[in-house]
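Me: I would like a close look at a single part of this model, with the cut-offs stated as you go.

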Amino acid sequence: MEVERNILCIGAGYVGGPTMAVIASKCPGYRIEVVDINEERIQQWNSGNIPIYEPGLDEIVKQVRGKNLFFSTDIQKGIKKADIIFVSVNTPTKTFGEGAGMASDLQHWEKTAHTIIEYADSNKIIVEKSTLPVRTAEAMERILKASNKGITFEVVSNPEFLAEGSAIRDLLEPDRVLIGAHQTPEGRTAEKELVDIYAHWIPREKIITTNLWSSELSKLVANAFLAQRISSINAVSALCEKTAADISEIAYAVGSDSRIGPKFLNASIGFGGSCFKKDILNLVYIAKSYGLNEAAEYWEMVVKMNEHQKQRFVQRIVKEMFNTVADKKIAMFGFAFKANTGDTRESAAIFITKQLLEERAIVAVTDPRALDNARMDLKGIDRKVIYEPDPYKAAEGAYAVALVTEWEEFKTLDYERIYKSMKKPAFVFDGRNVLDHKKLYEIGFNVYPIGKTQLTHFE
């Protein structure tokens with residue numbers, strides 16, 4: 001069968017792999033290749049044990065791999081073949097130099113641009129899939145136009161809006177697909193190429209087209225707004241604990257307002273993941289670079305509130321356990337930054353575990369998917385860490401359970417069995433407010449939720 005289009009994705013991570021798998025499944029006439037310099041990761045994508053856990057991803061990959069979806073380390077060959085190149089490389093927050101701690105580190109992205117110039121021998125559409133600062137496409141265009149090969153590159157922006165744990169559903173049934181392009185004949189032609197890809201399965205009214213800069217900035221703003229809601233409800237949770245108000249009742253009452261809505265109003269130990277913090281700090285840096293200091297300070301407070309919420313959780317554990325956790329075993333239920341993923345990037349569990357270790361606690365970590373990543377995150381400081389896949393064993397002899405990831409498995413455990421195996425008095429610190437607090441109290445636990453009155457057996 002004749003191939004309609006050759007699509008290349010540079011970067012086989014959490015965005016590139018799932019996105020290309022879904023495009024391959026919905027566009028059988030397109031040939032999709034995903035390339036990465038990480039040979040081990042490519043081997044995993046080609047094996048029976050793919051490197052990313054996402055519900056539904058494994059099945060889709062198996063359906064299309066070897067048919068019209070391919071994984072390779074041959075970047076040179078991929079670039080030569082491709083009509084459309086998605087750039088989905090890592091753009092972490094800088095840890096050095098100007099903008100350290102806030103600005104995006106674009107070194108991988110720039111190296112990719114130079115690699116495209118080196119090997120391209122025909123016109124290409126370049127699609128920004130990585131999250132990038134606004135006006136980054138301009139820099140990429142300058143690099144690409146430095147080529148004297150007589151070929152043209154049209155850059156478009158197509159940011160991802162995937163939530164880990166539901167990425168496949170988000171790809172199959174998105175709220176919207178955003179495509180930003182230059183408002184020129186060439187830009188609109190490139191825009192149409194992308195619209196045609198997504199129109200294979202997404203209604204046209206859900207495909208939003210904008211100018212290039214609006215698309216780039218929309219991604220940062222969307223994540224900032226979502227994170228802002230989490231920090232806002234968490235700021236109120238601390239007040240609830242002092243006043244006997246209930247954060248769940250407040251969230252329900254406030255979320256019932258159609259102007260506000262109920263989503264992202266669950267009080268917790270805060271947001272994690274690779275996107276929210278990085279994108280907000282990026283937004284802060286951009287605002288500061290334009291002299292918009294008040295706007296920068298506003299968004300910076302969203303991150304500060306999130307860090308405070310994690311710190312507050314640890315302080316509460318130490319305070320309620322008689323001001324010391326030294327040599328006390330604490331069972332950490334969950335290490336992934338959220339349920340249904342093995343991803344631990346910016347997970348609250350990393351901060352909480354490190355703080356507990358500084359207090360000389362013994363931490364028993366249990367998680368259905370993230371123990372391998374936990375070992376990497378805590379490497380070199382984990383002398384007092386136990387990695388235990390069985391939550392019942394993790395809780396044996398523990399003084400407290402600290403629930404930090406809202407895995408469904410943790411909600412249905414036999415907590416009477418857990419209580420019997422623990423030291424007394426036994427504590428539960430529910431960092432996600434997903435457990436039955438009244439039932440835990442009746443079993444005998446001293447229960448400390450977020451933003452609710454504690455239930456204790458102390459005088």
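What covers the buried residues of α5?

Reply: This is a predicted model, in which local features need pLDDT of at least 70 and side-chain atom pairs count only at pLDDT 80 or more, while totals for chains, interfaces and linings use all residues. Residues are numbered from 1 along each chain as its sequence is written, and side-chain values use heavy atoms, with hydrogens and water left out.

The cover of the buried residues of α5 includes β1 (5-10), α4 (75-81), β4 (84-87), β5 (124-128), α6 (136-145) and β6 (153-157). Contact here means heavy atoms within 4.5 Å. Helices (H or I, at least four residues) and strands (E, at least two) are DSSP runs, numbered from the N terminus.

Helix α5 itself spans residues 107-119, 13 residues in total. From its first C-alpha to its last it reaches 19 Å, close to the 18 Å expected at 1.5 Å a residue; the expected span is 1.5 Å times one less than the number of residues.

The buried residues of α5 are Trp109, Thr112, Ala113, Ile116 and Ile117. They lie on the same side of α5 because they cover an arc of only 140 degrees around the axis, the arc being that of the directions from the helix axis to the C-beta atoms. On the other side of α5, Lys111 and Glu118 are exposed. Buried means under 20% relative accessible area, exposed over 50%, and partly exposed in between, with a 1.4 Å probe and protein chains only.

Lys310, in helix α12 (residues 293-320), is buried, with a relative accessible area of 4%. Leaving out residues up to four places away in sequence, Lys310 touches Ile269, Ala348, Phe351 and Ile352.

Helix α12 also takes part in the second largest pocket: five residues of the lining, the largest share, come from α12. Both α9 (212-243) and α12 supply at least two residues of that lining. The lining consists of Ala238, Glu241, Lys242, Arg312, Gln315, Arg316, Lys319, Glu320 and Gln454. A pocket is, on a 1 Å grid over the protein atoms alone, an open set of points with protein on both sides within 12 Å along at least five of seven lines; a cavity is a set where a 1.4 Å probe fits but cannot get out, and lining residues have an atom within 4 Å of a point.
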